[in-house]
Amino acid sequence: MDSGLDYYRECKYNNLVIFGTKIIEEIVMKIVIVGCGNVGTALAEQLCREEHNITVVDEKEELVRNIANTYDIMGIVGNGAVYSIQQEAGVGEADLLIAVTGKDELNLLCCLIARKAGGCHTIARVRNPVYYREIAYIKEELGLSLVINPEYAVAAEMARLLKFPSALKIDTFSKGRIELVKYRICEDSVLCDMQLKDVTSRFKSDILICVVERGDEIYIPGGNFALQANDTITIVASSAKIAAFFKKLKVPTTRAKDVLIVGGGETTYYLAKQLVDMGIKVKIIDKSKERCEELSELVPQALIIWGDGTERELLMEEGLALTEAFVSMTNFDEENIMLSLFARSLSKAKIITRLHRIAYDEIIDNMDLGSIVYPKYITAETIIKFVRAMHNSMESNIETLYRLNDNRVEALEFLIREDCPLIGIPLQELKLKKNLLVCSINHKGNISTPGGQSIMQVGDTVVVVTTITGFHDIKDILEKD
C-alpha cells in the first residue's frame, strides 16, 4: 500500500475507516438514486431501511418531494445526467450511483458522468434488447459495476415457474443446487392438520418447511407447528428432493407443455425465447400489428396473434380453456388481474400475473391470481444484493440474499471461511436467535437438511431463513451474550 490515504480509500467501501490496524469509525454508505419511478421508490425504501445515506434525483418535482418526505431523505429536482445536478447530489463523495430512469441512454450517461466526476461505483438499468446483447462490452467500456435488465430478470423468474407449475415462487442458492419453493396448501391436501415433525418421517423426504404464511401472520415454524389449508409454505432442499416430495404429495411436477401470453412487450420477448428453448409451445396475443410483426421475426418458433387479448371470444378461440399455462402481461395491472381471474374461472392452467403497483395488496392477496410477479421488487432485490456485498467488509460471507413474504423474511446463503468461530460445533450446541432456521448445508455439492448434530465446515455454504433483517455475517445468527 503506497500510503495511508490509499489504504483508507480501499477500506472505505468495506464500511470501515482504518488507520494502522485500529478501527476508529464506521461509515454509512452514501448512495445517489437517479429515477423516482417504481424501482427507484422501492430502492429508496429498502436502502433507507438499511440505514444508508440516500439522495434521490428526478426531473419530476412531485415524485422527488413524495419520496423525500416519505423516507426523510434528500431530494434533487433535475436531470441526473447533468454534471452540476450530480455535484449538487453529492456524487463526488458518493460510494454508489444507481440510475433507474425509464431511458437506457440516460441511465448509461448518468453512470458515465458519475464515474468521471466522482469515481464511484455505478449501476444502470438497461432494458433495450439491442443494448443488452452487447452488455458485456458496454459494462467494460463504461466501467459499470452492475447492469440490470428488469424485463429479462422477470422473464427468467416466470420461466422457472413454468418449469415447475405447482410453485408460486422459486428462488435458488448454490448456483441452482438448492431451491426455495413457495407453495399454497389446497383444501384436500394430506398436509392439512399435519405437524411439521411428522412431514419428513411420513413422506421420507429430506426437505424442510422453513416459513409459513397464514393470513397476515408469518411463522418460522417449529416441529409442533400444524399446517392448515390455504397456508402458504416455503420449502427448502435440493431441486431433486423437492420434486420427489411433491410427487409423493401427488402434486404435478412436470413443466407446462404450452403457454398463452397476453401482451407482447419486452418481457414477453425474453420469456418466449426461454420457453421455446425449453421445448414449450408459445402463443402470444398483442393488439399492436407492428409489435406482432416484430415478435414474428424475433421469435419465429412462437405463434403470434394480432388481436385484443382482453376479448373473451378471442381468448376462447385460442384455447384458453385447454392451455396448461396462462401469463397476463398487458401494460395495465387492472387488465392483468381481470385476465387472470377469467383464466382461473375457465381452466386449471398455471396462472402468472405481472403487477407493477401494490396499493391494494390486501385485496390482491385474497384473489386467486396464481404466481404474482412484481418487476420492481425483482430489480430492487438484485441491486440490494450488490449494495449488501459492497457495504460489507472484505470478510463478508454472504453469497446470496432473498427477501420473502413482502420483505418480512430474509433467506441468506453464507460461505463458511477458515476463521468462522462456528466451525465444528453441532447446531444444537449453538445459541441461535429466535425466529431463525438453519435450513440447508451444502458440503462439497452434497445438500443436506441439518439436524442437531450437523456441523459447519470450511468451504460449506449454509442457508439461513429468518424474520430478523440486516444480517451481514454467519455469526449474526447467534444470540449476543
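Biologist: Which residues lie nearest the centre of the second largest pocket?
Modeller: Val100, Thr101, Gly102, Arg125 and Arg127 lie nearest its centre, out of a lining of 38 residues. A pocket here is an open set of points on a 1 Å grid over the protein atoms alone, where a 1.4 Å probe fits and protein lies on both sides within 12 Å along at least five of seven lines, and a lining residue has an atom within 4 Å of a point. Please keep in mind that this is a predicted model, in which local features need pLDDT of at least 70 and side-chain atom pairs count only at pLDDT 80 or more, while totals for chains, interfaces and linings use all residues. Residues are numbered from 1 along each chain as its sequence is written, and side-chain values use heavy atoms, with hydrogens and water left out.

Biologist: How much space lies in the second largest pocket?
Modeller: The second largest pocket holds about 830 Å³, where the volume is the space filled by probe spheres set on grid points that are joined across faces, edges and corners.

Biologist: And how do the lining residues divide into nonpolar, polar and charged?
Modeller: The lining of the second largest pocket has 15 polar, 12 charged and 11 nonpolar residues. In this scheme Ala, Val, Leu, Ile, Met, Phe, Trp, Tyr, Cys and Pro are nonpolar, Asp, Glu, Lys and Arg are charged, and the others, Gly among them, are polar.

Biologist: Which helices and which strand each supply at least two residues of that lining?
Modeller: Strand S4 (53-58) does, as do helices H2 (38-49), H5 (104-117), H8 (150-163), H11 (266-277) and H16 (375-391). Helices (H or I, at least four residues) and strands (E, at least two) are DSSP runs numbered from the N terminus.

Biologist: Changing topic, what is the order of the open sheet of six strands?
Modeller: The order is S16-S15-S14-S17-S18-S19, and the pairing is parallel, with two strands said to pair if DSSP finds at least two bridges between them. Strand S16 (303-306) and strand S19 (371-373) are the edge strands, each pairing on one side only. Inside the sheet, strand S17 (residues 325-328) is joined to strand S18 (residues 350-354) by four bridges in the parallel sense, and Val327 has Ile352 as its bridge partner in S18.

Biologist: What about the five strands that form an open sheet?
Modeller: Those five run in the order S9-S10-S13-S11-S12 with antiparallel pairing, and the edge strands, which pair on one side only, are S9 (169-173) and S12 (217-219). Strand S13 (residues 232-238) pairs over seven bridges with strand S10 (residues 178-184) and over five bridges with strand S11 (residues 208-214).

Biologist: How many residues of S13 are buried?
Modeller: Seven of the seven residues of S13 are buried, where buried means under 20% relative accessible area, exposed over 50% and partly exposed in between (1.4 Å probe, protein chains only).

Biologist: And how many are buried in strand S21?
Modeller: In strand S21 (residues 409-415), six of the seven residues are buried. Strand S20 (residues 398-404) runs antiparallel to S21 and is joined to it by six bridges, with Leu401 partnered by Leu412. S21 also pairs in the antiparallel sense with strand S24 (residues 461-466), again over six bridges, and Glu410 has Thr466 as its bridge partner in S24.

Biologist: Which residue takes a positive phi in the hairpin of S20 and S21?
Modeller: Asn405 does, with phi near 50 degrees, in a hairpin that has four residues between the strands. Lys250, also not a glycine, has a positive phi of about 60 degrees and is found in the loop between helix H10 (239-248) and strand S14 (258-262), where Lys250 is exposed at a relative accessible area of 77%.
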